[in-house]
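Hello,

Here is the structure I promised to send. Please open it first, then read my notes below.

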Amino acid sequence: MNNIERDIELYLDKIKVNLICKKEEKNRIVSDIRESVYDFVENNNINDIKKVYGHFGTPEEIAKTYYSEKELEEIKKTAKKENYIRYAIIGAFIIFVIAVICTAANSNRLLKEKYSRPRYGLVQVYNIDTNGTIS
Amino acid sequence: MVNVMASQNQENFKRGCAELIALYLLSKEDLYGYQICQLMEEKSGGRFTMLEGSLYLILYKLVELEYLTTYTKLVGKRRTRKYYHLEESGRKYLSEMINEYDEISKGICLILDREEK
């Protein structure tokens with residue numbers, strides 16, 4: 001991979017980060033832009049990424065062209081909601097795991113206590129003599 | 001401020017026309033995204049330029065509506081190119097759009113006191 005290709009891949013990564021949509025959609029958009037960028041670079045013998053920025057715009061500008069401002073607001077709101085739900089699920093899971101660990105530790109402690117306690121009971125002693133009789 | 005508004009208006013106007021132009025170009029032959037942008041610029045004498053991002057949005061919508069289909073071709077050893085093909089339903093939609101465009105442009109010419117050519 002030469003310098004310009006590396007710069008293009010970095011540029012595409014930045015576009016991907018700026019896009020607010022599902023993974024498949026991101027991949028589709030970036031793959032289409034990749035095609036166009038490479039066509040532009042090859043057709044015009046370009047080896048400076050600044051020219052790509054100049055022709056296609058910054059990653060932020062490109063991401064913006066995919067959404068109207070209203071859509072962008074809606075998407076951000078939905079993303080926020082989804083994030084809250086995600087955090088709530090992760091939080092609940094962590095609490096559940098902690099609860100399981102605590103319960104396991106507690107029952108382990110109880111078992112240890114139970115078996116380490118001295119035991120008292122009656123012991124019957126039998127005596128067997130040389131004739132084999134038990135007394 | 002006036003310049004900013006004018007460029008925004010131009011951008012909105014372009015977006016409205018880009019669908020018609022892209023469909024028209026695709027009615028001649030199958031094309032890929034970058035080629036469509038280049039042809040728009042070339043055929044308009046540099047007057048009609050579009051950001052690829054805006055064009056792809058239009059193409060995605062047309063694909064979803066099944067007016068366009070896509071196929072990929074291998075270019076060189078690794079790269080692929082996505083070509084857009086205009087379907088029969090797309091051709092009908094294009095002829096409707098052209099009729100609408102003619103009617104609207106006639107109306108605008110009348111309002112602006114311009115002679116129709």
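Helices (H or I, at least four residues) and strands (E, at least two) are DSSP runs, numbered from the N terminus. This is a predicted model: local features need pLDDT of at least 70, side-chain atom pairs count only at pLDDT 80 or more, and totals for chains, interfaces and linings use all residues. Residues are numbered from 1 along each chain as its sequence is written, chains are lettered from A and ligands numbered from 1 in the order written, and side-chain values use heavy atoms, without hydrogens and water.

Chain A

Ile101(A) sits in helix H5 (residues 69-116) of chain A. Ile101(A) is exposed, at 52% relative accessible area (buried is under 20%, exposed over 50%, partly exposed in between; 1.4 Å probe, protein chains only). Asn45(A) lies in the loop between helix H2 (23-43) and helix H3 (49-56) of chain A. Its phi is near 50 degrees, positive in a residue other than glycine. Asn45(A) is exposed, at 68% relative accessibility.

Chain B

Chain B has 4 helices and 3 strands. Their order from the N terminus is α-β-α-α-β-β-α. Of the 117 residues in chain B, 37% are buried.

Glu66(B) is in the loop between H3 and strand S2 (68-75) of chain B. Glu66(B) is not a glycine, yet has a positive phi of about 65 degrees. With a relative accessible area of 58%, Glu66(B) is exposed.

Best wishes
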